[in-house]
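Grab a pencil and keep the viewer open.

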Protein chains: 2
Amino acid sequence: MLRLAAALLLLAAPLFAQTDPLPSWREGAAKSAILDFVAAAADPASQGFVPEPERVAVFDNDGTLWAEQPIYVQATFIFDRAARLAAADPAWATTPALQAAAAGDVAGVLSGGTEALLEVVNAATTGMSVETFVAEVADWLATARHPDTGLLYTQMVYEPMLELLDLLRDNGFETYIVTGGGQDFVRAFAETSYGIPPQNVIGTVLETRFEIIDGVPEVMRAPGVAFIDDGAGKPVGIVRGIGRRPVFVAGNSDGDKEMLDWATAGPDPRMGLLVHHTDADREWAYDRESAIGGLDAAPDAGWVVVDMAEDWTTVYPDR
Amino acid sequence: MLRLAAALLLLAAPLFAQTDPLPSWREGAAKSAILDFVAAAADPASQGFVPEPERVAVFDNDGTLWAEQPIYVQATFIFDRAARLAAADPAWATTPALQAAAAGDVAGVLSGGTEALLEVVNAATTGMSVETFVAEVADWLATARHPDTGLLYTQMVYEPMLELLDLLRDNGFETYIVTGGGQDFVRAFAETSYGIPPQNVIGTVLETRFEIIDGVPEVMRAPGVAFIDDGAGKPVGIVRGIGRRPVFVAGNSDGDKEMLDWATAGPDPRMGLLVHHTDADREWAYDRESAIGGLDAAPDAGWVVVDMAEDWTTVYPDR
């Protein structure tokens with residue numbers, strides 16, 4: 001029996017090898033470009049070979065790995081937290097911005113500009129250790145649901161991108177998130193949702209301070225922004241956090257432009273990929289004119305544009 | 001023959017398993033503590049078991065992984081570069097601090113305090129891309145030699161610590177450097193010398209800027225310090241760069257105290273290790289009274305103190 005099982009396994013091996021690593025991607029230019037790039041990168045005999053330590057792949061998060069409509073998930077978390085803090089202590093909302101946040105009046109906060117938004121971020125998400133904050137985000141994500149789909153936010157990650165992350169890792173790539181969103185926020189779910197550990201998440205960071213609290217050393221979230229990992233900040237964040245120029249970059253909006261420009265300006269082989277939100281039925285359709293983030297792809301830059309409606313058979317995981 | 005070879009391999013396996021993973025460490029309390037900690041961390045049946053993703057080990061660099069006497073290697077590099085820039089262009093040294101640096105007058109620069117030192121750092125090491133800077137450091141390290149030993153600086157890494165890094169990695173630990181020195185400087189040799197890739201090096205960083213230069217996007221080193229990864233900055237650097245509290249921490253000086261305090265304050269198992277420079281014959285002997293960095297170990301904190309003269313059979317690698 002053991003010999004028979006071994007023989008069957010040997011027979012089955014070629015079948016496994018031929019399994020489609022991107023089953024949620026329709027045959028087409030985008031899928032072919034990805035498969036060709038990855039196969040070449042891992043093949044020492046190929047012109048497109050990339051030595052393993054240089055196989056660095058970076059992904060934007062909002063709109064590239066999960067949905068970002070109608071507002072960023074992180075914003076929903078912050079407003080939700082502001083409302084809960086205000087409910088627990090009515091004296092909490094001491095300013096118009098905090099009062100608007102406590103009432104769930106997003107437009108009211110935004111009318112106060114960046115300063116008002118930062119006021120809410122500071123009041124609702126600082127003064128606790130980073131470890132406590134990450135645990136609170138994870139708790140919130142365990143039950144918070146999207147207002148339109150009714151899905152958990154973590155169910156609104158893109159199945160085709162999960163397959164792409166696996167494909168890259170199976171071929172020796174190290175995968176990273178480079179997000180304009182909060183680094184601590186994304187670290188709370190990136191390992192579970194994407195298989196990307198905290199040290200591979202680079203994002204916007206608030207000030208952080210070492211403090212001794214009741215004799216116990218802690219690293220605390222403090223008011224003020226230490227680093228904005230968006231736009232021209234993304235290449236800087238990559239240099240600081242990784243120290244290698246990525247050979248594979250995926251994004252979806254203007255905030256990803258400099259990262260794509262810089263990474264794909266390196267010596268070949270390089271691949272840039274843009275997720276284009278064209279699917280109003282299964283997700284959302286929006287573009288450069290949208291407020292939240294738009295595609296500003298120059299197809300002449302040679303980046304591969306993914307048409308969600310055309311290229312993906314599935315958007316969200318079936319689980 | 002094939003069967004015989006296989007049988008011999010099976011016989012040999014227990015012998016390999018008993019090979020001492022720390023041959024440059026003398027039997028004693030420090031070696032035992034390390035071996036016990038690592039074996040327990042990797043053993044699911046042990047009370048000291050640590051799940052693999054949490055097996056994070058961080059090391060200070062100067063004085064912990066390589067020699068730091070008579071001055072930090074990075075300082076020698078900066079002064080050397082200042083002298084070369086001034087030799088190539090006598091107009092380069094426009095200020096007293098730069099003139100002192102160009103003349104190799106370290107004491108003269110230091111008499112101007114932090115401001116003068118920063119002036120030299122800015123003039124000698126900014127205005128180029130981070131990639132170019134890292135390549136220049138690697139070029140310099142390929143030939144620069146220590147004034148007393150005549151060794152390449154990269155030959156003055158500590159063999160017992162290289163063995164310790166290997167032991168940790170062989171047991172599923174991810175190893176990091178957390179240095180008060182320049183992150184870009186240490187990244188230039190950490191992969192070759194320690195097996196630690198750039199993304200696992202956290203250090204002090206100057207300002208970095210995304211710029212388009214002659215149409216080419218670059219990330220440039222710019223004047224000004226963005227983050228000081230020393231003292232209370234080390235736990236902050238770890239939280240930003242790793243996002244997990246290390247379970248194993250090694251350092252040698254006051255600048256490592258907060259990192260040791262914070263890491264070992266987490267729930268057990270934790271291990272803190274201090275390299276004590278007691279070996280005036282083979283390395284240097286210095287302590288808390290020295291200017292460059294001293295041990296301020298509170299043995300009651302439970303950290304293991306390594307006595308270089310007593311605990312190490314070898315200091316530098318024999319290669």
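**Exercise 1.** At what angle do helix α2 and helix α8 of chain A pack, and how far apart are their axes?

*Solution.* Keep in mind throughout that you're looking at a predicted model.
- Step 1: Find α2 at residues 29–41 and α8 at residues 159–170, both in chain A.
- Step 2: The two helices pack at an angle of about 20°, and their axes are 10 Å apart.
- Step 3: Angles under 35 degrees count as roughly parallel, so α2(A) is roughly parallel to α8(A).
- Step 4: As for handedness, α2(A) and α8(A) cross in a right-handed way.

**Exercise 2.** Work out which residues bring α2(A) and α8(A) into contact, and sort them by class.

*Solution.* 
- Step 1: From α2(A), pick out I34(A), L35(A) and V38(A).
- Step 2: Their partners in α8(A) are L164(A), L167(A) and L168(A).

**Exercise 3.** Are helices α3 and α7 of chain A roughly parallel or roughly perpendicular?

*Solution.* 
- Step 1: Locate α3 at residues 73–88 and α7 at residues 130–141 of chain A.
- Step 2: These helices pack at an angle of about 100°, with 11 Å between their axes.
- Step 3: Angles from 65 to 115 degrees count as roughly perpendicular, so that's the label for α3(A) and α7(A).
- Step 4: Now look at who touches whom. α3(A) brings V73(A), T76(A), F77(A), D80(A), R81(A) and R84(A), while α7(A) brings F133(A), E136(A), V137(A), W140(A) and L141(A).

**Exercise 4.** Move over to chain B and describe how α3(B) packs on α7(B).

*Solution.* 
- Step 1: In chain B, α3 covers residues 73–88 and α7 covers residues 130–141.
- Step 2: The angle is about 100° and the axes are 11 Å apart, so α3(B) is roughly perpendicular to α7(B).
- Step 3: Among the residues that meet here are F77(B) and R81(B) in α3(B), and F133(B) and W140(B) in α7(B).
- Step 4: The class count for the contact of α3(B) with α7(B) is six nonpolar, one polar and four charged.

**Exercise 5.** How many residues does each chain put into the contact between chain B and chain A, and how much area is buried there?

*Solution.* 
- Step 1: Chain B gives 34 residues and chain A gives 34 residues.
- Step 2: About 2,600 Å² is buried between chain B and chain A, and carbon and sulfur atoms give 54% of that.
- Step 3: On the chain B side, Q199(B), F210(B) and R240(B) supply 23% of the area that chain B buries against chain A, more than any other three residues.

**Exercise 6.** Count the salt bridges between chain B and chain A, then inspect a couple of them.

*Solution.* 
- Step 1: There are six salt bridges between chain B and chain A.
- Step 2: One joins E131(A) to R245(B), where the closest N and O atoms are 2.7 Å apart.
- Step 3: Another salt bridge links the side chains of E191(A) and R244(B), at 2.7 Å from N to O.
- Step 4: Trace that pair across the chains: E191(A) sits in helix α9 (residues 183–194) of chain A, and R244(B) in the loop between α10 (233–241) and β5 (248–251) of chain B.

Methods. Residues numbered from 1 in each chain as written. Chains lettered and ligands numbered in written order. Predicted model: local features only at pLDDT ≥ 70, side-chain atom pairs only at ≥ 80, totals over all residues. Heavy atoms only, no water. Axes fitted to C-alpha atoms, helices over the stretch in contact; angles between N-to-C directions. Helix = DSSP H or I, 4+ residues; strand = E, 2+ residues; numbered from the N terminus. Parallel < 35°, antiparallel > 145°, perpendicular 65-115°, else oblique. Left-handed = near helix turned anticlockwise from the far one by under 90°. Contact = heavy atoms within 4.5 Å. Nonpolar A, V, L, I, M, F, W, Y, C, P; charged D, E, K, R; others polar. Buried area = accessible area lost by both parts, 1.4 Å probe. Salt bridge = Lys/Arg side-chain N within 4 Å of Asp/Glu carboxyl O.
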